[in-house]
Amino acid sequence: MSKNQNLPPNSTVDPYSYLQIVQNPDGSITRLFQLPTIAAAPDKEHLKVFTKDIPIDPTHNTWIRIFLPAQALNQNSSSTTKLPLIIYFHGGGFILLRASDSINHDFCCDLAAQVSAVVVSLEYRLAPEHRLPAAYDDAVEALHFIKGSDDVWLRDFADLSKSYHAGFRASLAVDELEPLKIHGLLLHHPFFGGAKRTESELRLVNNPTLPLSGSDLMWDLALPIGVDRDHKYSNPTVGDGPDNCGPIISFGWRIFIAGCDGDPLIYRQVELAEKLKKESVEVVAKFGEGDYHCVELMDKSKAEVLFYLPKDFIEQN
């Protein structure tokens, strides 16, 4: 079981079996299960969205996958309007999954097509081989790469002045990112933790999609050694609120956050939304009933409904 303390006595899920990982003597993990991957397709016909990969840092094996709606390449179109840019960071508790995994690839394809946006998905370093803040540092490096890239898809079709991001870390580097200008954050079932158990965590302690023992172990493996889940990397509500809230207010960013009450993390997501509202941040929240953590990655019909919300959110800007 997870080495983290304070699991409720009715927690029955073995987190290593659930995550299908084995911890090695050197601190790394062996990932026993790999999802199917999809290669980028920059020039195939009959696609609604074209994709291509661009390396960022070969020493870290980080790269981005760009998703470009096909209509943007329509030579018959006379429109010169560029598309908004969405910068996406896949889930997996910072220890699992890749940008090329089928569920992440398909989700970003559908997001680009339905929202009519250029989507950039980042392949970042995973823990425990690279503990936080490695993934956050990779995210900031990706933003710097995008702002200065001469890639034709980013240069000619993405409106860098109308960008949307998926993490608070960007607020720390925003002064260095011109001409890339972030208008808001899109938080899809964000992964948070905390030392004190919430009602939803206790109610859904053995949830088959995200059991409490599994999320505990992911944080054990992802956080810097020696800190607990109330570290700012996992719990943005500690203290007086997110430590990056000041820049978010001064830049006028809007926050979109989606979740559901079948997700053990729902209480933490709602708590963050309420704290941001108290700090005068404009928050658009969509918390559904039932379902499960990141249901839209598995259920395309749910994703289609979800995508109308960020589309409207972006258009309101």
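Trainee: Which residues are the buried residues of helix 6?
Mentor: They're Leu212, Ser213, Gly214, Ser215, Asp216, Leu217, Met218, Trp219, Asp220, Leu221 and Ala222. Keep in mind that this is a predicted model, where local features need pLDDT of at least 70, side-chain atom pairs count only at pLDDT 80 or more, and totals for chains, interfaces and linings use all residues. Residues are numbered from 1 along each chain as its sequence is written, and side-chain values use heavy atoms, with hydrogens and water left out.

Trainee: What makes helix 6 "mostly covered"?
Mentor: Buried means under 20% relative accessible area, with exposed over 50% and partly exposed in between (1.4 Å probe, protein chains only). In helix 6 (residues 212-222), 11 of 11 residues are buried, so the label follows from that cut-off.

Trainee: What covers the buried residues of helix 6?
Mentor: The cover includes helix 1 (15-19), strand 1 (21-23), strand 2 (29-31) and helix 5 (199-203), with contact meaning heavy atoms within 4.5 Å.

Trainee: How do you know that the chain agrees with a compact globule?
Mentor: The globule rule is 2.2 Å times the number of residues to the power 0.38, and the radius of gyration is taken over C-alpha atoms. For 317 residues a compact globule would come out near 20 Å; the chain has 19 Å, so the two agree.

Trainee: How much of the chain is buried?
Mentor: Of its 317 residues, 54%.

How values were computed: Helix = DSSP H or I, 4+ residues; strand = E, 2+ residues; numbered from the N terminus.
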